[in-house]
Amino acid sequence: MIESQLLSKVIDEKDFYVLRRYKVDVADFPTLGEVYGFIQDYVQENNATPDYRTVVAEFPNFEYIPEVTDTFKYLCRKLKAQTAKVRAFELLQNRAVRKFNELPGDQFVAWLKEETAKIEAATAPPPDGTNYATNGPERLQWYKESKEKMSRQFIPTPYPTLTAALGGGFEAGDYILLMAFTNRGKSWLASHIGLAAWQNGFGVLHYSPELSKRQQALRLDTLMGHFDNVKLRRGSLDNEREYLDFLKGFENLPTPYFIKTMEDLPNGLSLEVIEADLQARPEVKMVIVDGFNLMAHGKGARVRDSMTQTSRRLRQLFGRYGVAGLVVHQTPGASEKDSHKDDGETRLVKPPKLTDYSETVAVIQDAATALTFDQAQGVGRLSIEKAREPNVGLVIELNCDFNYGVIRESDVTDIF
C-alpha cells in the first residue's frame, strides 16, 4: 500500500523529483517498479507528470489513491524502512548463510558488519539540512557552548606560533593534513602534535601502521623525556635511572593515549576500524593516521578513486565524532628534485607545496588545515598551506634533533 500511496501523491502533486531528494528509486518499489519506471520516463520525455488516468490505463492493476494527506517525508522514510527490512531479510536468509560456512568467525563478523553498513547507507533518510532563516536559537546555543567551552574546542599545538596562527590550535571536528617528503621527520612531527594534545588533557588515538608498538611508544618517551632514542631502543641509556623514574609516572594518568600499530591491525587500517574505535572510546579528541597511503582503501577499479572515497569518509568521521583528525601523507619524491640544492650542493630546506601532490587531490580538498614540512641537518620548516585563518604561507622555523626528541621553534639565541 505504501508504494501506491507515494506514487499517487507524486501524480497528484506533480512532483516526481521529490523522490530523488529522499533517495527513493526503482529498487524501493518491489511490486510497482514498472509504474515508477513509466512515470520516470514520462517526466523525462515530457517535462511533466502524467495524469493519473494515463497511468491507470497503462497499468490496470495500479491502485490509484487520491488525496493522500501524509507528507512526502513520512511516506519516503516508511518506504526506505521497508526496503531496509527486505534487504536485511535477503542478507540473513541467503548470503549470510553461505558466508557463515565459508569464512572464519572474525572475517564473517567483519563481512556482516560491512554488508549491514551498506544497507544502512542505502536506506537511511538523507539529512534535512539547516534552515538558516529559522535556526537563530540553535546558533545562539552554539555561541554559548563555544563561549563556555572554547578551551575544549581547540587543541593547542606544540608550537606557539602555529597555535596562534590557527586561531587557537586545531579545531575539534576538523581534518588536518600533514605532508612531507620521505624521511623528513613527518612521523616525529605527528607524534609531537599528539603528545602536546595529550599533555593538554585531550585523549589521543594514534594509528601508526608502519611502526611496532614498542617503536612508537619509545618515540613518545624520547619526545617527552628527551632520552637518546637509539640507546633507548637498544636498552643502553647512559641516564637509565632517570628513565626508570620517568616510567613510574605512567600508571594512573586520567587522559588516555591509545596506540595502534602493525600488531593491532592484522587486516590493515580501515575506516571501519577507526569508526569502531571512536565508538568505543568517546574520550578521544584527536586521531592521528600515519599515514594515509597505508590504509586499506577498498577494492575500487582505480586506486585514486578508492583513496578519494577514503578521504571523504575520513572527513565525515572526524566531523561526526567531533575529533581533530591529523592525516599524515607523503609527497611524491619526483616533486623533490627541483627544490633542494644550492650552488654549494647543500640541500635547501623547503616545505613542499600542495601542488606537488599528485595521487589524489581529495586529501587537500577535504582538509580544513594543510601543513607541509621539510627538514635537513637539524633545520626544519613548517608551512601553513591551507587554513581558515588568514595566515596561509606562514613558515615556522624549527630546530630539530629527533634522536633526542627536540622539535622546537627557533629563537634569537640559536644564532649564537
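Predicted model: local features only at pLDDT ≥ 70, side-chain atom pairs only at ≥ 80, totals over all residues.
**Exercise 1. State how many residues line the largest pocket, and describe the lining.**

Solution. Step 1: The largest pocket holds about 1700 Å³ of space. On a 1 Å grid over the protein atoms alone, a pocket is an open set of points with protein on both sides within 12 Å along at least five of seven lines, whereas a cavity is a set of points where a 1.4 Å probe fits but cannot get out; lining residues have an atom within 4 Å of a point. Grid points are joined across faces, edges and corners, and a volume is the space filled by probe spheres set on the points.

Step 1: The lining of the largest pocket consists of 40 residues, and E114, S270, L271, E272 and R313 lie nearest the centre of the pocket.

Step 2: At least two lining residues come from each of α6 (105-123), α13 (271-280) and α14 (303-321). Helix α6 gives the most, with twelve residues.

Step 3: The lining has 13 nonpolar, 13 polar and 14 charged residues. Here Ala, Val, Leu, Ile, Met, Phe, Trp, Tyr, Cys and Pro count as nonpolar, Asp, Glu, Lys and Arg as charged, and the others, Gly among them, as polar.

Step 4: Domain 1 (1-123) and domain 2 (148-409) each provide at least three residues of this lining; the domain bounds come from an automatic or database domain assignment. The C-alpha centres of the two domains lie 44 Å apart.

**Exercise 2. Decide whether E115 is buried or exposed, and name its contacts.**

Solution. Step 1: E115 has its place in helix α6.

Step 1: E115 is buried because its relative accessible area is 10%.

Step 2: Leaving aside neighbours within four places in sequence, E115 is in contact with L91 and R95.

**Exercise 3. Compare the reach of helix α3 with its expected span, and find what its buried residues pack against.**

Solution. Step 1: Helix α3 covers residues 33-46, which is 14 residues. Its reach from first to last C-alpha is 20 Å, close to the 20 Å expected at 1.5 Å a residue; the expected span is 1.5 Å times one less than the number of residues.

Step 1: The buried residues in α3 are G33, V35, Y36, G37, F38, I39 and V43. They pack against α1 (2-13), α2 (18-21) and α4 (52-58).

Step 2: Just after α3, N47 takes a positive phi of about 55 degrees.

**Exercise 4. Describe the backbone and location of N183, Q377 and G291.**

Solution. Step 1: N183 is not a glycine, but has a positive phi of about 60 degrees. N183 is found in the loop between β3 (175-180) and α9 (186-199), and counts as exposed because its relative accessibility is 71%.

Step 1: Q377, also not a glycine, has a positive phi of about 55 degrees. The loop between β8 (369-376) and β9 (379-386) contains Q377, which counts as exposed because its relative accessibility is 74%.

Step 2: The peptide bond from D290 to G291 is cis, with omega near 10 degrees. G291 lies in the loop between β6 (284-290) and α14.

**Exercise 5. Identify the strand that holds I259, and list the contacts of I259.**

Solution. Step 1: I259 lies in strand β5 and is partly exposed because its relative accessible area is 21%.

Step 1: Leaving aside neighbours within four places in sequence, I259 is in contact with H206, Q216, A217, L220 and D264.

Methods:
Residues numbered from 1 in each chain as written. Heavy atoms only, no water. Helix = DSSP H or I, 4+ residues; strand = E, 2+ residues; numbered from the N terminus. Buried < 20%, exposed > 50% of the residue type's maximum accessible area, 1.4 Å probe, protein only. Contact = heavy atoms within 4.5 Å.
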